[in-house]
Amino acid sequence: MRNRKEALIRSILLKNYQSYYRLAYSYVHQEADAMDIVQEGAYKAMLKAGSLREERYAGTWVYRIMINTAKDYIKKYERECAVQEEAVMDAKENSMDLDLKEAVDKLPMQEKTLIILRFYEDKPLSEIAEILQENLNTVKSRLYRTLEKLRRELD
């Protein structure tokens, strides 16, 4: 019984290969991806040929497998793209963080302290002036000059 179902599925796959390819291509719009989908769908159909209940529905059964394989392929591709995009963004952020940290580390201690208090500790300028026991306008002008120095260093 299983051999007969396998032979039926095999003949349906061969007879309708172009239809399955067009179906897959309509989902992914890439020749190589469409061929991968058809091959994966054919593999699944042959693997599960024994679970086919009624032979008269074999054509629609295989077609459904192809559709589900195409949908699975798209979902997998979307997840992989999202993961790759996230990894690229993380790499860019990490690279920028490293560059920024190195640039801040190169600053003289007084300027480094100012940057750390303002941007790492998120302290308001008035509080920084109190901590450093300096005039608020002095803190503002030093911060501005230090930020300019960092911008030039990072460019």
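Q: Which side chain does Glu-111 meet in a salt bridge?
A: Lys-149, with N to O at 2.8 Å. Keep in mind that this is a predicted model. The pair links distant parts of the chain: Glu-111 sits in helix α5 (residues 109-120) and Lys-149 in helix α7 (residues 136-154), 38 residues apart.

Q: And is Glu-111 buried or exposed?
A: Glu-111 counts as buried because its relative accessible area is 17%, under the 20% cut-off. Lys-149 is partly exposed, at 33%.

Q: How many salt bridges turn up in the whole structure?
A: Eight. One of them joins Glu-134 and Arg-142, with the closest N and O atoms 2.3 Å apart. Arg-142 is buried at 10% relative accessibility, while Glu-134 is partly exposed at 25%.

Q: What does Glu-148 pair with?
A: Arg-151, at 2.6 Å between the closest N and O atoms. Both are in helix α7, three residues apart, or about one turn of the helix. Glu-148 is partly exposed at 26%, and so is Arg-151 at 45%.

Q: Switching to the surface: which residues make the nonpolar patch?
A: Leu-100, Phe-119, Tyr-120 and Leu-154, covering about 370 Å². Leu-100 belongs to helix α4 (residues 58-106) and is partly exposed, with 32% relative accessibility.

Q: How far is Leu-154 from Asp-99?
A: They're 7.1 Å apart in space, C-alpha to C-alpha, and 55 residues apart in sequence. Asp-99 is in helix α4 too, partly exposed at 40%.

Key
Residues numbered from 1 in each chain as written. Predicted model: local features only at pLDDT ≥ 70, side-chain atom pairs only at ≥ 80, totals over all residues. Heavy atoms only, no water. Patch = residues over 30% accessible without salt bridge, like charges linked within 9 Å, V, L, I, M, F, W, Y side chains within 5 Å. Areas by Shrake-Rupley, 256 points an atom, 1.4 Å probe, with all protein chains shown as cover. Salt bridge = Lys/Arg side-chain N within 4 Å of Asp/Glu carboxyl O. Helix = DSSP H or I, 4+ residues; strand = E, 2+ residues; numbered from the N terminus. Buried < 20%, exposed > 50% of the residue type's maximum accessible area, 1.4 Å probe, protein only.
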